[in-house]
Amino acid sequence: MEPRYGLVLCSQFLPGEDSAVRFAEQIEQVRYARDAGFHSVWATQHYLANPFQYLHPLAVLSRIVPETGSMRIGTAILLAALANPVDLAEHLATLDIMSGGRLTVGLGLGYRAVEFDAFGVPRGARLRRFRDNIDLLRRLWTEEEVSFHSEALTLDAVHPVLRPVQRPHPPIWLAGHTDAALRRTAASGVPWLAAAAHVDRDYLRRQVSFFRQCGGRQVHVLQEIYVAETEQQAVDGVRTALETKYRAYRKWGQDSVLPASQRFDKDFDELRKGRFILGDPRQCRAQLRALVADTDAGDVLLRAQWPGMPHEQVMASLRLLTTDVLP
């Protein structure tokens with residue numbers, strides 16, 4: 001069975017860029033994805049995301065609901081340990097109502113000290129807060145009375161009334177890189193959202209195998225992709241933008257939980273091997289098929305833009321992607 005394809009928005013703008021103009025370009029991308037038959041559209045999250053102007057994903061998704069047609073909308077991902085679960089449950093339920101029951105909720109633990117510090121989450125409490133918040137999301141969406149007490153919040157026999165359209169609640173996916181994260185996700189019975197471009201293909205296969213050995217079932221993947229007339233044009237077209245993005249990832253410490261072989265401190269031509277799908281339509285089609293074969297992914301979320309990339313260049317790649325690459 002062919003996977004469903006989604007478009008991941010790049011709501012990350014460089015300092016000095018007109019963010020209103022850049023966001024208007026993203027609206028055009030959403031309309032194109034809708035008309036081209038994409039199954040879904042996704043927004044991502046980080047706070048205090050220097051060097052980028054990083055739009056809040058829930059606000060982005062709220063704005064694009066009228067543009068999405070029948071596409072699903074989703075978060076890939078929200079940092080669940082930072083949120084107040086009552087606020088998050090009501091915000092997400094509102095989005096599900098606004099979209100007519102088309103929301104998927106991708107959640108992750110996070111890794112940046114600046115974010116945990118800003119929200120007052122002690123490093124030693126982040127995993128407990130993450131688990132508690134996910135459990136409370138479900139309870140606030142489904143139970144008639146909820147009680148919960150921790151150092152972070154108190155719910156004393158509250159009666160949630162706001163419910164999402166989807167029953168029992170919107171689908172929840174969990175992201176993560178480490179074996180511990182994959183084991184937790186498998187044990188929870190929810191799908192794993194793999195960031196395919198953050199590791200090389202051999203290591204991704206190893207992660208997928210480990211997840212399934214732990215009892216995990218469904219895998220979805222998020223993949224960086226750019227299509228041009230030739231491989232050299234594709235590599236030259238994205239080099240600066242992807243270097244900027246992954247330089248920030250290195251600074252943030254995103255690869256610190258990965259083995260040394262998977263770290264991002266490599267020359268771009270070395271880093272891109274086995275991680276990014278870049279090339280002409282034939283090459284991208286083959287690499288995409290290999291990715292699907294390696295993961296048996298149900299959904300493949302494609303990010304086709306990175307900070308600083310001109311909109312016209314993004315649209316040219318999307319046109320090739322939809323006419324010459326995707327089934």
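A search of the whole structure, which is a predicted model, finds 19 salt bridges. Side chains of opposite charge can pair when their charged atoms come close.

**Salt bridges**

- Glu 115 forms a salt bridge with Arg 112, in which the closest N and O atoms are 3.2 Å apart, and both Glu 115 and Arg 112 are buried.
- Arg 139 and Glu 143 meet through their side chains in a salt bridge, with an N to O distance of 3.2 Å. Arg 139 has a relative accessible area of 18% and is therefore buried, the limit being under 20%, whereas Glu 143, with a relative accessible area of 29%, is partly exposed.
- Arg 163 pairs with Glu 144 in a salt bridge whose closest N and O atoms are 3.5 Å apart. This pair links distant parts of the chain, 19 residues apart, since Arg 163 sits in the loop between strand S8 (154–158) and strand S9 (172–175), while Glu 144 sits in the loop between helix H5 (126–142) and strand S7 (146–149).
- Within that pair, Arg 163 is buried, with a relative accessible area of 17%, but Glu 144 counts as exposed at 61% relative accessibility.
- Salt bridges that share partners also join Glu 231, Arg 239, Asp 269 and Arg 272 into one network.

- His 46 lies in the loop between strand S3 (40–43) and strand S4 (53–54), and at 12% relative accessibility His 46 counts as buried.
- The side chain of His 46 makes a polar contact of 2.9 Å with the side chain of Glu 115, and Glu 115 is also the residue that forms a salt bridge with Arg 112.
- When neighbours within four places in sequence are left aside, His 46 is in contact with Tyr 54, Leu 79, Tyr 111, Arg 112, Glu 115 and Trp 252.
- Arg 22 belongs to helix H1 (residues 19–36) and is buried, with a relative accessible area of 9%.
- The side chain of Arg 22 makes a polar contact with the side chain of Glu 17 at 3.1 Å. With neighbours within four places in sequence again left aside, the residues in contact with Arg 22 are Phe 13, Glu 17, Gln 305, Gly 308, Met 309, Pro 310 and His 311.

**Packing of helices around H10**

- Two packed helices are described by the angle between their axes and the distance between the axes.
- The axes of helix H10 (residues 281–295) and helix H11 (residues 311–325) come within 10 Å and cross at roughly 70°, and H10 and H11 are therefore roughly perpendicular to each other.
- On the H10 side, this contact is made by Pro 281, Cys 284, Arg 285 and Leu 288, and on the H11 side by Leu 320, Asp 324 and Val 325; by class, the contact has five nonpolar, no polar and two charged residues.
- The axes of helix H7 (residues 201–213) and H10 come within 9 Å and cross at roughly 25°, and H7 and H10 are therefore roughly parallel to each other.
- Arg 201, Leu 204, Arg 205, Val 208 and Arg 212 of H7 make this contact with Gln 287, Ala 290, Leu 291, Asp 294 and Thr 295 of H10, and by class the contact has four nonpolar, two polar and four charged residues.
- Lys 273 lies in the loop between helix H9 (268–271) and strand S12 (277–279), and counts as exposed at 54% relative accessibility.

**Backbone features in the loops**

- A cis peptide bond, with omega of about 20°, joins Asn 50 and Pro 51, and Pro 51 lies in the loop between S3 and S4.
- Leu 48, found in the loop between S3 and S4, has a positive phi of about 45° although it is not a glycine, and at 54% relative accessibility Leu 48 counts as exposed.
- Another cis peptide bond, with omega of about 5°, joins Arg 167 and Pro 168, and Pro 168 has its place in the loop between S8 and S9.
- Asp 296, in the loop between H10 and strand S13 (299–303), has a positive phi of about 50° although it is not a glycine, and Asp 296 counts as exposed at 53% relative accessibility.

Conventions:
Residues numbered from 1 in each chain as written. Predicted model: local features only at pLDDT ≥ 70, side-chain atom pairs only at ≥ 80, totals over all residues. Heavy atoms only, no water. Helix = DSSP H or I, 4+ residues; strand = E, 2+ residues; numbered from the N terminus. Buried < 20%, exposed > 50% of the residue type's maximum accessible area, 1.4 Å probe, protein only. Polar contact = N/O pair within 3.5 Å; in protein donor to acceptor, adjacent residues only side chain to side chain. Contact = heavy atoms within 4.5 Å. Axes fitted to C-alpha atoms, helices over the stretch in contact; angles between N-to-C directions. Parallel < 35°, antiparallel > 145°, perpendicular 65-115°, else oblique. Nonpolar A, V, L, I, M, F, W, Y, C, P; charged D, E, K, R; others polar. Salt bridge = Lys/Arg side-chain N within 4 Å of Asp/Glu carboxyl O.
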